[in-house]
Every structure is written in C-alpha cells, then in structure tokens.
Amino acid sequence: MAYDIDMIKKVYSQMADRVNKAREVVGNPLTLSEKILYSHLWDADSNQAFKRGKDYVDFAPDRIACQDATAQMALLQFMQAGKKNVAVPTTVHCDHLIQAKMGAAIDLVSANKTSHEVFDFLESVSNKYGIGFWKPGAGIIHQVVLENYAFPGGMMIGTDSHTVNAGGLGMVAIGVGGADAVDVMAGMAWELKFPKLIGVKLTGKLSGWTSAKDVILKVAGILTVKGGTGAIIEYFGEGARSMSCTGKGTICNMGAEVGATTSTFGYDDSMERYLNATNRADVAAAANEIREHLTGDDEVYANPEQYFDELIEINLSELKPHLNGPFTPDLATPISEMRVKAKENDWPLKVDWGLIGSCTNSSYEDLTRAASIAKQAVDKKIKSKSDFGINPGSETIRYTAERDGLLQIFEDLDATIFTNACGPCIGQWDRSDRKGDEKNTIVHSFNRNFSKRADGNPNTHAFVGSPEMVAAIAISGRLDFDPTRDKLLNEDGEEVMLDEPTGIELPPKGFDVKDPGYVAPSDNGSEVVIKVAKDSERLQLLEPFEPWDGKNLTGVKLLIKAFGKCTTDHISMAGPWLRYRGHLDNISNNMLIGAINAFNKKTNFVKSQISGEYDGVPAVARKYKAAGVPTIVVGDHNYGEGSSREHAAMEPRHLGVKVVLVKSFARIHETNLKKQGMLGITFVNESDYDLIQEDDTFNFVDLAEFAPDNPLTIEVVHADGSKDTFKANHTYNDSQIEWYKQGSALNLIKIQNNA
Ligand code: MIC
Ligand code: SF4
C-alpha cells in the first residue's frame, strides 16, 4: 500500500469537479498543468482565471520533501513557527552529506560518524513534528519520492531544485527554499506566480544510443539555462507515451537546468506500470478512475499552438545522443560533432572518470542500459580506460540491481559502488586520482556541471550524458569517442565495436529490498526534546532578522559586482561547505567566494571602501557589518541559477547586505531573497550594469514608498562625486512587501501565530 493513500484518494475525489469548474472559468480546454494548478488552489471557491506569468496565486500543495542539506535550515525555521505538527505529509531524506571515497560500506559508516549530530537533529525534529525520516543510505530524495510518494495529478514542493523529478509520474512538483516549505508545513498557503506554459510535442520513438536524457539535453540546448524561467514545460505526444516513467523523470529532473518552474507528463500506461511495480497498485487503480483528468485535454494536444505560450517539437526517431558541457548544462553537442568541437575549444580529450547515478539517472532502466555496455567491455575483453563510479538512486534500486547481477557487471570493470546518495554530484567526492588544479575531463550522468561542482577543481571539464553514453565514453577513455562510428582495441589487439545498449524498464522479478531505510515519526511527538549544543559548529538556532525601519536606504556600499555566471554554487558553495548548512554564521564564511569580481576578474578578492584594501568577500562584508555600513551585491543575468539553497539568500542577509541588484534572477533564488527580507531588484536598462564602479555608494531615494509595480529609483555616487540615477524593477506584491517590512517571512508567521 502507498504511503498517505487517504490523502491521495481525497485529492482524486475532488479532481473531476475542480477540473470541470476550471475549464468553465478559463473558458478553454485545459493543459495538464492547468488542471493540476487549478485543482490545488488554496481558495477552492475561486472563480478567477489567472493570467500566466502575471498573477500571484495561493496554492495548497499535497506534500513536502526536504533533503538533509536544506532541511536543517528549513526545520530550524519551522521550529520557530510555534506549531505542534506539520500540516501536510512531509519527509526528510539524508542524501547530501555522505562523501564518496572508498565505496558504500566504508563511506556510509564514516558519514554516520562525521555528520551524526546533524542526522540526529533531523531525526529528532522529524520525530517531534510528524515528519517521515529516511536514513543516510536510503537513497537520493527524488528517487525515493518517485518510488514512494509521487502520484499523478498531485502537487508537491520540495527544498531542492530537482524536486521537479516527480513530474515523471505526472505531478506538478516544484523546488523551493526552506522558508516556502515552512509556510506549507505551518498550514499556510504557498504562493507562486501563475506559470507560463511551454509545450513539448514528442513524436517518433527512441532507439539505439538515444535515450530520454538526450531529450532534455536537446531541450537545454534550445532553451538555454534561463529559457524555462517562470514556465511549466508540459510534454505530450506519442513519443511521450512510448517512454518509460523513469525516463520521463530524467527529462523533468533536468528541467531545473533550463530554469523551468517544473515539467510534467500526462498519466499513461508507463506510469501505471511503474506504480504497480513499486507496490502502489492502489494509487494506479485510483488514478485509472479519473484518467481523463490526469492528462491534458485532447483539443489541447491536437492544436497545441493555441494553448501553450511556446511550442517545441522533437522527433525522437531523429534525435541524436548528446553530451552537454563543460561548465554549463546547456552547451549541447551531438556526440558525432564532439571530435571537431572538442578540438576547437581545447577541451582535454582524455577522460578520467565516468560517473553514473544522481537523482537524474539512477533508475533500474538506467542501470540496465549502462550495464549492457559495461558487460560488452568485459565480454569483448576491452579494458576500461577511465575509472568508474556508480551511485544507485535508492536502497531499493541497489538491492534489486545487486540481486539481478547488475552491480557485479560494473564491479567486473573495477567500478566503485558508492553509497545510495548524491556523492560526486554535489562535490561530496574525495577524488583520489587528481589533486590540485590540473585541467582534466570527466563524464557523468548527473544534471549540473558548473565549475568546481564535482571535485572543487575549476579546471575539471565535466560533461553530462546518458548513463549508457557515459559508460561507453568512460570505457574508451576519450571524449570524442562516438560508439556508432568508432572501434576500440581489445586486449587481444582486435578492433571491436560496442553494440547498441539494451535496457529493461522494470525488474522482471519485481523490486525488492530488505531495509528501505524509513523511520516513521512518533504519534505523539510533544515529548521529544530537540537539543542543539551551544558550541556546535554544525547547528545554530536562528535569531530573527531585523525589521525594516521604513526609511530610504542610503550610503550603501558596493560589496561585489559579480561578472558573468553567478549560480548558487558561486554564492554559497557546496562540497566541503555542506557541513555548515545548519549554522548560519559559519556557512556565511563561504558567501560569494566563487563569484568573479568584475573589476579584477578574480574570485574572493574585493575592495573594502573602509580600508581601501582587498580581502575575501565574507571578511570585507563582516567589516562593513561591524561598522554599521549597509552593502549591495550587483550581478548579471540569471543570478542565483541552480540550487534551491536559501543559504544563498540568508548569508548576505546575515552579513549586512541589503540589496541584490542584477540583470535577471533565477526564480527560486528571487523568492528566497524576498522571504529573508532582502531587496532583490533588476535593472530596467541592463546597460546600467556598466555604470557601476568599484568605489560606488548607492542611495535608494524612494524606497520609503515601496509599493507593487512601482520601480525604485537608485542614485549611484561615484568616487569622484559624479552621480548616475537609474531605475530598477521589482516583483514584490503586497504580501511580499510585508515580509520585507517585518524583516522576513518567518517574522510575519510568528506575528500571525501570536495574534
Ligand atoms: C543541487 O543539486 O545543487 C542540490 C545540492 O541538490 C541543491 C540543494 C542544496 O543546495 O542543498 C538543489 O538543487 O536545490
Ligand atoms: Fe543530489 Fe545531485 Fe540530485 Fe542535487 S542534483 S539532489 S546533489 S543527486
């Protein structure tokens, strides 16, 4: 039986009425995305047709998932909200804090030692507030959610940007910052700007070396890292139906890499098969009863150009396998063109590692397809030229793959089987073969490949591909290897080719597992005491941020003008810093240390206008803060791209930054800034970015009249006394301005709870 089946049945019992009503209100046939959004309105009696990309709407998500690295801050905030229990089903998953080094057996023991304080904290908070807890080693949040909790037509939020993975099972699943999750845990509405809709029509059928991963690698190439911002991507067509449910999950997962709010697919036979295989025949039966409401209306899919804001068409029969990278997930290169492109760009051709796994690609089907390549290498006596690392997505996958001999195949190639966890995908990788900053290449089946992400080395060129392509390239040891064309030399000196991969969608003998790693919360958690040691370096109880005094902000000094890409990995790096995710003051020592200073093109080297000297960003910020001088961060396009980590907003807030002024924001980060009482604004004229100089002082001359839809006026005073005045846009609505006034959204919750 599925977890929370009563909740799912309740959602389904209301679905038909709500969808029919929405169709009347909107006056059109509906996309799946609209069906899910309208059937999850906070105000079920609403008769409003919302304007896409414009109206802020209150929603009532069905469930929440948090992972260990973000749950700490989310739960530290929730503990202040004064509630007895979480208001909707919630789970916490321990997956980010486990380092990959020697292999699962040793690494897991070591993680349980080094991070026991954090795991214990998360387990006891979960126990106290009625939250399901998944132990370290149970698996990666999104794989565990897909296997256990996702359901067609549902809406969930999660404190991780790849929460969107659950779109593979027909959900609207959205990544958020911890403060957003706290709203819903506390029984309040969750607000989102009604998304625009991008339709992707899939025709044809995947075959040969092309896999579901290549669909999203291609889409990323078309839309780029910001092309999906503010939109839901809805996939449909015969090509969608012919694909496995976990393949759909891969596609939705990496929708985060184009900035999409989420991605989704209509309910179909592949989802029914997956639900049945994962012990949820009850959900499948319930979904079958309302099947028509769990996919878009026929008229929409027949004439998609009339209903979507943008339409993309991909013929799967013609789609070629791709590798995306390095340093950005949208740089798409068909394998067949890699030879020329790698040479042109001077990308190192020798491949050191092939890594398979992550929440994106660690399904049973993925492992079988990659194993079918690995097995050929063993059978055809080809010695792998690169090292192999495998992270199974969950204990269920691992146990089943071991039983079915899949892991053995990789072990025969000397692969290291790491813990069922994020591992190298989030820089939790003690890479033994290379230290230092040497230029080198790795290929992986993950989703993100930003600079330094996997191993902390800015010169590691990471390329993203399907698990089977990663296997083939790793075996060949060459980035420009094209298995459809190139031969390999085996140990007998013969030239051999790799045959096309073959995969099995679902385990023929069914999934199995001994201990999935789940701990149910106590029925009465009020007795549970949560301890946080005063001198802990990993956990720190939160102090409320100061409310706004209602006055204009003046004398604001430039802390850093960031140049080019500034993702959340640049703002609040992961890897070794993950250990401070529950300690705001300690983690603030990584604030913006990866961002490039536009004036000297160096990282973590900015000028203090107090001393005239250069130092690291956190150190300079702390000096301004101590002197009572407010600061501002200036940035480029898609600032805050990537992760949902709210630390990227809380650290600047904690270190006295008042404003973040950029050309454009990534969605989750913009909301995180608002929630933490920061001013996140955008240049009306992008070229005004060029006016900003190193010794500038900013005055916000009409902030006292802060109101929705009113651009703010900024006066910039340069070192020579000359001034520039320009406008900045903001997207704060009335309730978000209230967060700003109170100092943070959490301060407002506390006031409301005490009222
Ligand atoms: C990521 O893939 O970047 C992460 C680590 O999973 C993040 C969450 C985090 O920073 O903890 C995400 O995607 O939101
Ligand atoms: Fe973990 Fe990587 Fe997935 Fe983020 S993208 S949840 S770090 S596996």
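Colleague: Let me begin with helix α6 (residues 141–148): how many of its residues are buried, and why is it largely enclosed?

Modeller: Some conventions come before the answer. This is a predicted model, in which local features need pLDDT of at least 70 and side-chain atom pairs count only at pLDDT 80 or more, while totals for chains, interfaces and linings use all residues. Residues are numbered from 1 along each chain as its sequence is written, chains are lettered from A and ligands numbered from 1 in the order in which they are written, and side-chain values use heavy atoms, with hydrogens and water left out. Helices (H or I, at least four residues) and strands (E, at least two) are DSSP runs, numbered from the N terminus. Buried means under 20% relative accessible area, exposed over 50%, and partly exposed in between, with a 1.4 Å probe and protein chains only. Now to α6: 8 of its 8 residues are buried, so the helix is largely enclosed by the rest of the structure. Among them are His142, Gln143, Glu147 and Asn148.

Colleague: Which residues of α22 are buried, and what covers them?

Modeller: In helix α22 (residues 647–654), 8 of the 8 residues are buried. They are His647, Ala648, Ala649, Met650, Glu651, Pro652, Arg653 and His654. Their cover includes α3 (68–78), α19 (568–571), α20, α21, β26 (657–662) and α23. Look also just after α22, where glycine 656 takes a positive phi of about 85°.

Colleague: What should I look for in a salt bridge?

Modeller: Side chains of opposite charge can pair when their charged atoms come close. The criterion here is a side-chain nitrogen of Lys or Arg within 4 Å of a carboxyl oxygen of Asp or Glu.

Colleague: How many salt bridges does a search of the whole structure find?

Modeller: The search finds 38. Aspartate 180 is buried at 4% relative accessibility, and lysine 675 is buried at 3%.

Colleague: Where do glutamate 402 and arginine 398 lie?

Modeller: Both are in helix α16 (residues 395–403), 4 residues apart, about one turn of the helix. Glutamate 402 is partly exposed at 47% relative accessibility, whereas arginine 398 is buried at 17%.

Colleague: What about arginine 622 and aspartate 585: how many Å apart are the closest N and O atoms?

Modeller: They are 3.0 Å apart in that salt bridge. Arginine 622 belongs to helix α21 (residues 617–626) and aspartate 585 to helix α20 (residues 584–587), so the pair ties together parts that are 37 residues apart in sequence. Arginine 622 is partly exposed at 27%, and aspartate 585 is partly exposed at 26%. For a network of salt bridges, follow Lys350, Asp352, Arg431, Asp433 and Asp455, which are linked in one.

Colleague: How do I read a crossing of two helices?

Modeller: Axes are lines fitted to C-alpha atoms, for helices over the stretch in contact, and angles run from 0 to 180 degrees between N-to-C directions. Angles under 35 degrees count as roughly parallel, over 145 as roughly antiparallel, 65 to 115 as roughly perpendicular and the rest as oblique. The axes of helix α24 (residues 734–742) and helix α25 (residues 745–754) come within 7 Å and cross at roughly 90°. That makes α24 roughly perpendicular to α25. Contact means heavy atoms within 4.5 Å, and here it is made by Glu738, Trp739 and Gln742 of α24 with Ala745, Asn747, Leu748 and Ile751 of α25.

Colleague: Is serine 270 buried or exposed?

Modeller: Serine 270 is buried, with a relative accessible area of 1%. It lies in helix α11 (residues 269–277) and touches Met243, Ser244, Cys245 and Lys248, not counting residues up to four places away in sequence.

Colleague: And glutamate 292, buried or exposed?

Modeller: Glutamate 292 is exposed at 58%, in the loop between α12 (281–289) and α13 (298–302).
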